[in-house]
Amino acid sequence: HDDKSLYTGSHADTPRTAADRHERLAQAGAVEEGADEIDWAGVQAAFSNFAGKDDMGSHEFQMLCEQCKLMGPKFSKTDADILFSSVSGGKPKIAWPAFQTACRKIAKKIGRQTSEVQQSVAACGGPMHTGTQADAVRLHDDKSLY
């Protein structure tokens, strides 16, 4: 049952190890700085607005992705969490260089140019907080009933 001489196909010649697998996965997930990128100044301003004083946490990253309309059928909240974990290296927050890598990975994931993701983030500007709106209450709002 362990006679490797009987193996056929692509697994016959190449012994695979865990190190080979890790290297293949790292190459598949790698993104490089591309010529399609534009100036990062507007994106950095949006990053600062969402991140606040410190670096950006997972919640802020998800909020940025939602409000910049990057979420869709190809990129969900779960994908955002996984991507955040991959660029953070297990840390709770990411700094500016890791966010740039995240933008490149988002572009690769949704099949768009990095410049399009940059423009979406820069156009968003900062977080839009919407509070709860109270319903109309007749006995409170209609002053003629006092």
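In this predicted model, the largest nonpolar core has 30 residues. Those with the most contacts inside this core are Met56, Phe61, Ile94, Phe99, Ile106, Val117 and Val121. At least two core residues come from each of helix 2 (41–51), helix 3 (58–67), helix 4 (77–88), helix 5 (96–110) and helix 6 (114–124). The most is given by helix 5, with eight residues. Met56 shows how such contacts reach across the chain. Leaving aside residues up to four places away in sequence, Met56 touches Phe47, Phe50, Ala51, Phe61, Leu64, Phe84, Pro92, Lys93, Ile94 and Phe99.

Several of these names return among the aromatic residues. A pair of aromatic rings is described by the distance of the centres and the angle of the planes. The structure holds six aromatic pairs. One of them joins Phe47 and Phe99 in a tilted arrangement, at 5.1 Å centre to centre with 40 degrees between the planes. Phe47 belongs to helix 2 and Phe99 to helix 5, so this pair ties together parts that are 52 residues apart in sequence. Phe47 has a relative accessible area of 6% and is therefore buried; Phe99, at 0%, is buried. The ring centres of Phe61 and Phe84 are 5.7 Å apart and their planes stand at 45 degrees, so that pair is tilted. The pair links distant parts of the chain, since Phe61 sits in helix 3 and Phe84 in helix 4, 23 residues apart. Both Phe61 and Phe84 are buried. One aromatic cluster is formed by Trp40, Phe47, Phe61, Phe84, Trp96 and Phe99.

Helix 4, which holds Phe84, can be followed along its axis and around it. At 1.5 Å a residue, its 12 residues should span 16 Å, and the end C-alpha atoms of helix 4 are 16 Å apart, which agrees. Which residues of helix 4 are buried? They are Ala80, Leu83, Phe84, Val87 and Ser88. Viewed down the helix axis, the buried residues of helix 4 fall within an arc of 125 degrees, so they line one face of the helix. An α-helix has 3.6 residues a turn, so residues three or four places apart point the same way. The face of helix 4 turned away from the buried side carries the exposed residues Thr78 and Ile82. The buried residues of helix 4 are covered by parts including strand 1 (56–57), helix 3, strand 2 (93–94) and helix 5. Just after helix 4, Gly89 has a positive phi of about 70 degrees.

In one of them, Lys93 pairs with Asp54, and the closest N and O atoms are 4.0 Å apart. Lys93 lies in strand 2 and Asp54 in the loop between helix 2 and strand 1, so the pair ties together parts 39 residues apart in sequence. Lys93 has 37% relative accessibility and so counts as partly exposed. Lys77 and Glu66 form a salt bridge with an N to O distance of 3.2 Å. Here Lys77 lies in helix 4 and Glu66 in helix 3, so parts 11 residues apart in sequence are tied together. Lys77 is partly exposed at 47% relative accessibility, and Glu66 is partly exposed at 37%. The side chains of Arg112 and Glu116 meet in a salt bridge at 3.4 Å, N to O. Arg112 is partly exposed, with a relative accessible area of 31%, and Glu116 is partly exposed at 33%.

Methods:
Residues are numbered from 1 along each chain as its sequence is written. This is a predicted model: local features need pLDDT of at least 70, side-chain atom pairs count only at pLDDT 80 or more; totals for chains, interfaces and linings use all residues. Side-chain values use heavy atoms; hydrogens and water are left out. A nonpolar core is a set of buried Ala, Val, Leu, Ile, Met, Phe, Trp, Tyr and Cys residues joined through side-chain atoms within 4.5 Å. Buried means under 20% relative accessible area, exposed over 50%, partly exposed in between (1.4 Å probe, protein chains only). Helices (H or I, at least four residues) and strands (E, at least two) are DSSP runs, numbered from the N terminus. Contact means heavy atoms within 4.5 Å. Rings of Phe, Tyr and Trp (its six-membered ring) pair if their centres lie within 6.5 Å; planes under 30 degrees apart count as stacked, over 60 as edge-to-face and the rest as tilted. The expected span of a helix is 1.5 Å times one less than its number of residues. The arc is that of the directions from the helix axis to the C-beta atoms.
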